[in-house]
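Subject: Structure for your review

Dear colleague,

Please find below the structure that I am handing over to you. Kindly look through it before you read my notes.

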Amino acid sequence: QVQLVESGGGLVQAGGSLRLSCAASGSIFSVDIMGWYRQAPGKQRELVATLTSSGSINDADSVKGRFTVSRDNAKNTVYLQMNSLKPEDTAVYYCHAIVRPWSAAPPNRYWGQGTQVTVST
């Protein structure tokens with residue numbers, strides 16, 4: 001099993017910054033993809049930004065230029081630096097990882113428990 005433990009959410013004023021962290025632990029051979037999704041009240045979960053182990057980034061247009069995803073492969077940890085936050089960024093942010101427990105195993109998808117980010121006007 002794999003556990004994803006998130007930290008760093010909270011309340012911030014519009015224009016402010018927050019940094020989220022997520023560490024993966026457990027039966028891990030490799031973490032192919034790590035990143036973040038978010039879900040606002042009444043809306044579907046959506047991609048924020050993900051990062052492959054080789055450094056390829058997939059991020060939403062709504063966060064380009066404001067959010068930066070990064071990872072420490074040695075620590076199986078992913079970060080999300082969020083700048084110039086807007087009220088519409090308010091959501092529960094979920095860490096996401098695609099993990100192989102051993103070299104020949106198929107990858108499995110895991111989710112963190114979620115961390116609330118609230119941006120006030």
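The notes below set out what was found in it.

This is a predicted model, in which local features need pLDDT of at least 70 and side-chain atom pairs count only at pLDDT 80 or more, while totals for chains, interfaces and linings use all residues. Residues are numbered from 1 along each chain as its sequence is written, and side-chain values use heavy atoms, with hydrogens and water left out.

I begin with the overall form. The chain contains eleven strands and zero helices; here helices (H or I, at least four residues) and strands (E, at least two) are DSSP runs, numbered from the N terminus. The radius of gyration, taken over C-alpha atoms, is compared with a globule rule of 2.2 Å times the number of residues to the power 0.38. For 121 residues a compact globule would have a value near 14 Å, and the chain, at 14 Å, agrees with this. Along the principal axes, the C-alpha atoms fill a box of roughly 50 × 25 × 25 Å. Of the 121 residues, 41% count as buried, where buried means under 20% relative accessible area, exposed means over 50%, and partly exposed lies in between (1.4 Å probe, protein chains only).

Next comes the interior. In soluble globular proteins, nonpolar side chains tend to be buried together. A nonpolar core is a set of buried Ala, Val, Leu, Ile, Met, Phe, Trp, Tyr and Cys residues joined through side-chain atoms within 4.5 Å. The largest such core here has 30 residues, and Trp36, Leu80, Met82 and Tyr93 touch the most other members. Strand 9 (91-100) is among the strands that each supply at least two residues of this core, and the largest share, five residues, comes from strand 9. Leu80 is in contact (heavy atoms within 4.5 Å) with residues that include Leu18, Trp36, Val48, Phe67 and Tyr93, leaving aside its neighbours within four places in sequence.

Which cysteines form a disulfide? Cys22 and Cys95 do, with their sulfur atoms 2.0 Å apart; a disulfide is a pair of cysteine sulfur atoms within 2.5 Å. The pair links distant parts of the chain, since Cys22 is in strand 3 and Cys95 in strand 9, 73 residues apart. The torsion about their S-S bond is about -85 degrees, so the disulfide is left-handed. Both cysteines are buried, and the count comes to one disulfide.

Strand 1 deserves a look as well. Its covered face holds Val2, Leu4 and Glu6, and its uncovered face holds Gln3, Val5 and Ser7. Strand 1 pairs with strand 3 in the antiparallel sense over six bridges; two strands pair if DSSP finds at least two bridges between them. Within this pairing, Val2 has Gly26 of strand 3 as its bridge partner.

Finally, two loop residues have a positive phi without being glycine. Asn76, in the loop between strand 7 and strand 8, has a phi near 50 degrees and counts as buried at 19% relative accessibility. Ser84, in the loop between strand 8 and strand 9, has a phi of about 50 degrees and is partly exposed, with a relative accessible area of 41%.

Yours sincerely,
A colleague
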